[in-house]
Amino acid sequence: MSIDLLLFFVLATVAVIAALGMLFSRNAVYSALFLILNFATVAVFFLLLGAPFIAMAQVTVYAGAIMVLFLFVIMLLGAERVEGRHRGGWQRPVAVLLTIVLLVESGYLIFVRSDLVGAVAPVASNYASPEAIGELLFSDYLLPFEITSVLLLAAMVGVIVLTKEEKLLREHTDVMENGKEEARSPQGAGGK
Amino acid sequence: MVPVSYYFALSAILFALGALGVLIRRNAIIIFMSVELMLNAANLLFVAFARMYEALQGQIYVFFVIAVAAAEVAVGLAIIVAIFRTKKSIDIDEMSSLKG
Amino acid sequence: MDAFNLVPWIILFPVIGLVLNAAIGRRIGERGSALIAIAASAGSLVISVMQYLALSAHPEGAVVYLADWIGIGALNVPWAFRVDTLSVTMMLVVSGVGTLIHIYAAGYMHFDVRYKEDPGSYARFFVYLNLFIAAMMILVSGDSYLTLFVGWEGVGLCSYLLIGFWYQRNPDGNKGIMNSLAAKKAMLVNRIGDFGLLLAVFMIFWAFGSLNFDEVLPHAETVAPWVIMFITLAMLLGVTGKSAQLPLYVWLPDAMAGPTPVSALIHAATMVTAGVYLVARSAPLFAAVPAAQTTVAFVGALTAFFAATIAVGQYDIKKVLAYSTISQLGFMVAAVGMGAFVAGMFHLVTHAFFKALLFLGSGSVILALERAHHVQETLSNPKHKKKGHTHFDPQDMRVMGGLRKPIRLTFWVYTIGALGLAGIPPLAGFFSKDEILADAWIENPLVFLLLIAAAFLTAFYVGRQLLLVFFGSPRSQPADKAVESPAIITIPLIALAALVVIGGLINLPGWHPFTNWLAHTLGEELAEPTEFNFFVALLATVFALIAFYLAWIFYGRTPLAEKQVDPLKQRLGRVFTGMENKWWVDEFYAWLIVRPYKRFAGFLADTIDWKFLHDWVHDSAVVNTFRWFARFLANPVDLGVIDGIANGLAKSATGLARGLSFFQTGFVRNYALVTFLGVVIMLGYLVFSS
């Protein structure tokens, strides 16, 4: 057993346990934390696979920004605990069954049907360096890159619109009604 | 070296777990997180293939996936917040208005 | 010859006239209608005269072919005109007397449409009159038995139309349906005769293979005698119908319901003579079977006597003339029955003259009385209240009397006609009647007896009529105040009177122009000139004078007073009653034929048609079956099957929907599960199948 293999199995175990922990945790915050652990593990995997830039991006964006956002919302909504039994008791066993089937299929695909059983060749140190990524990003994939920025803008606008308080709308309505009153009688708007 | 198929297998397991989470949990946010897990598994697969074929395109795709995932999480959470305001709950079993 | 080719115009002129009158007759007024009709008839006369002149130069005649008509297998009947002396004689009589009567009618109908309160019918009358001329011309000018039959039917139709001209009135002028009934009677009785003629036509075709005169008549000898016997007897049936002989004469007296010009033209001068013409035309056929000839002669003689007896007891002026016509037709039929075809045709011509004159004259008398009556009505009823309309029959001789003073001209022409009818020399009637009597004296003594007796009675009732109408004193107010008719009426009367006077010259004994004329068609054998028999002539004249004397005794010496019973009644008693009542022949026919027939028709109508067909078959059988079938279709089929299918489809759709809605739980997780299931399946398929 080489060190890489050992490292791989250890990390894989951690990742899977973290995923399971996320799934079966009763507390949503615990789930989020487990997920962060998972992400971190996967980031290490990225490093092992020779993708340093991506690993950093994973940690920064996913674990750093997205999961923090998750935690914010969990706190905001007070969704730490969800009680009650769930209806439709047949859902769970069927879902588990289907998952197992999927795993079996995937396993079949990977180990029986493919011929990629072998190690990979080593690569240069600057194989997937930021420079290389950046070079590719700004030449071949310039358009998607720019559109992604537009996408992010759209997401921002959408979020703002979706989370707008209803109170503001009510104020708007009051102003409209007051405006009407003013039109009917020269007296200014009375009390609220 | 680690055979790249092991990475495939790991990705499959993580994906399956993420799918299971979507189907089993009732908390909308947990479900969302399971979706993120699935995306992550896909990313891992991409990078593994990129390594195998020594093509950087795979990593570029991951880059974009991460960016889109971020945008998607933002909007999705905003929706959940908006739903919470009316329903006062994020139990997806209570959001059954489409029942026919 | 060119003139021969003009012969179709004898039909075309009246047809054009009637079409014009039918189309625009109402709009152009009485004068216009009358002019068109008279011109049409006169045109026909002109053509007839031209045919006569052409024939004088070429006496053998001609056949003018117009068009093919029927060509079926062996039967080939073209539309052809036969111009020979016999047909031209008829043409001249029809168009000549016809034109005079048209002129008369122009004036007569002017008054009549006003008395019947229907001025719009004036044009219609002339349409029918021209139609009659056309049909009669078709009859006499046809070259085959079939064209003759067409004309035969055509004049029958015109007779119907004209007898029932005032179809909503009775003969006495009041409202009713008697005129229509008279027309119907004429049509139906004639039908029986037509049936006989049609049988004869069929037999002719069967025996001779053709219907054209040229192909039938010369070969009369070649066909078996019993066939000819059948043909001629069937023809005789037609003759008794159309020419009003025993037993089918009963329609003619009723036909007096029509306006007087109609009686004159159709029922005296022309249509009724069609039968005589038929026999004359078929002379070879009759000559071939002497037994048939004898039958014809006896039918004619018996009719002559029988009708004369009835004429003695009639009070209506036109009825007397009607029975007189029947009687004289009997003379003609007897003549042709004895083989004296020329004598028969001669009497036909002279009879046309004096009978038309008598009828038109009677019309003038009736008109004079009507006008006087209406003047009287207006004076006593200034506001024209119809309720005060007194019952006055202007045709009844018992309300006439002493009319020779107010209506002088009518009196004189009427007398001429009457003397002609009675057979007083030297008027035309004498010569023609005498020729018949002379022939009878030789051929058949029994027929002679009947005919001389009829001649005696003829003179008697003629004298009776003259005395009752014109002599004595007026028996009613209108008779006293009668007015002479206008010129348009009296001029044709004068013309006819002239013809009666000189008509004898047509076949003066010793000279015989008419016999020679007809010999061209009939052949020398059948058109033998009759020797003038002085004894017979003297006998007839003496009898006529005795009859006049007797009439004077009863009616002239002590003229009939108002409301007095006929003096002859006291003398003859029951015999006179029989004469008065026409020997109850109509009643006999009604009992024998009409009533059983009506009962049979009623039976068929009520029992069979109504009860059986309508009630049972229709209501019970058909309707019930239909209803059962409809109910069957409605309930089991429509409600059960069809509705079942429709409702079933709907129910299954709802059931399916309800079943499927089970899947719409509304839970997102379930949807996600199903999606995942789909993914797994697809993946499995892709993985394990390739």
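Buried area is the accessible area (1.4 Å probe) that two parts lose on being put together, summed over both. The legends below concern a predicted model, in which local features need pLDDT of at least 70 and side-chain atom pairs count only at pLDDT 80 or more, while totals for chains, interfaces and linings use all residues. Residues are numbered from 1 along each chain as its sequence is written, chains are lettered from A and ligands numbered from 1 in the order in which they are written, and side-chain values use heavy atoms, with hydrogens and water left out.

**View 1. The interface of chain A and chain C.**
Between chain A and chain C, about 1,300 Å² is buried, and carbon and sulfur atoms give 71% of this area. A:Gln91, A:Leu98 and A:Glu105 supply 45% of the area that chain A buries against chain C, more than any other three residues. On the chain A side 14 residues are in contact with twelve residues of chain C, where contact means heavy atoms within 4.5 Å. One residue pair, with both residues at pLDDT 80 or more, is in polar contact between chain A and chain C. A polar contact is a pair of N or O atoms within 3.5 Å; within protein, one must be able to donate a hydrogen and the other to accept it, and residues adjacent in sequence count only if both atoms are side-chain atoms. Zero salt bridges are found between chain A and chain C, a salt bridge being a side-chain nitrogen of Lys or Arg within 4 Å of a carboxyl oxygen of Asp or Glu.

**View 2. The interface of chain A and chain B.**
The area buried between chain A and chain B is about 7,000 Å², with 78% given by carbon and sulfur atoms. The elements of chain A that give two or more residues to the side touching chain B are α1, α2, α3 (52-77), α4 (91-113), α5 (130-137) and α6 (142-162). The largest share of that side, 14 residues, comes from α3(A). In total, 83 residues from chain A and 69 residues from chain B take part in the contact.

**View 3. The fold and surface of chain A.**
Chain A has seven helices and zero strands; helices (H or I, at least four residues) and strands (E, at least two) are DSSP runs, numbered from the N terminus. Of its 192 residues, 32% count as buried, where buried means under 20% relative accessible area, exposed over 50%, and partly exposed in between (1.4 Å probe, protein chains only). Among contacts in chain A between residues at least 6 apart in sequence, 58% join residues at least 24 apart. Chain A exposes about 12,000 Å², and carbon and sulfur atoms supply 69% of that surface.

**View 4. A nonpolar patch on chain A.**
A:Ile3, A:Leu6, A:Val10, A:Val14, A:Tyr30, A:Leu33, A:Phe34 and A:Leu37 form a nonpolar patch on the surface, with about 730 Å² of accessible area together. Helices α1 (3-24) and α2 (28-48) of chain A are the elements that give two or more residues to the patch. Patches are made of residues with over 30% relative accessible area and no salt bridge: like charges are joined within 9 Å, nonpolar side chains (Val, Leu, Ile, Met, Phe, Trp, Tyr) within 5 Å. A:Val10 lies in helix α1 of chain A and is partly exposed, with a relative accessible area of 44%.

Chain B has three helices and zero strands, and buried residues make up 65% of its 100 residues. The accessible surface of chain B comes to about 3,400 Å², of which 71% belongs to carbon and sulfur atoms. B:Glu54 lies in the loop between α2 (28-53) and α3 (57-87) of chain B. Although B:Glu54 is not a glycine, its phi is positive, at about 50°. B:Glu54 is partly exposed, with a relative accessible area of 46%.

**View 5. Backbone features in loops of chain C.**
C:Ala244 is found in the loop between α9 and α10 of chain C. Phi of C:Ala244 is near 55°, a positive value in a residue other than glycine, and C:Ala244 counts as buried at 0% relative accessibility. C:Pro247 is found in the loop between α9 (225-242) and α10 (251-254), and a cis peptide bond with omega of about -5° joins C:Leu246 and C:Pro247. The peptide bond from C:Pro425 to C:Pro426 is cis, with omega near -5°; C:Pro426 lies in the loop between α17 (408-422) and α18 (428-443) of chain C.

Methods:
Accessible areas come from the Shrake-Rupley method with a 1.4 Å probe; for residues, only the protein chains shown count as cover.
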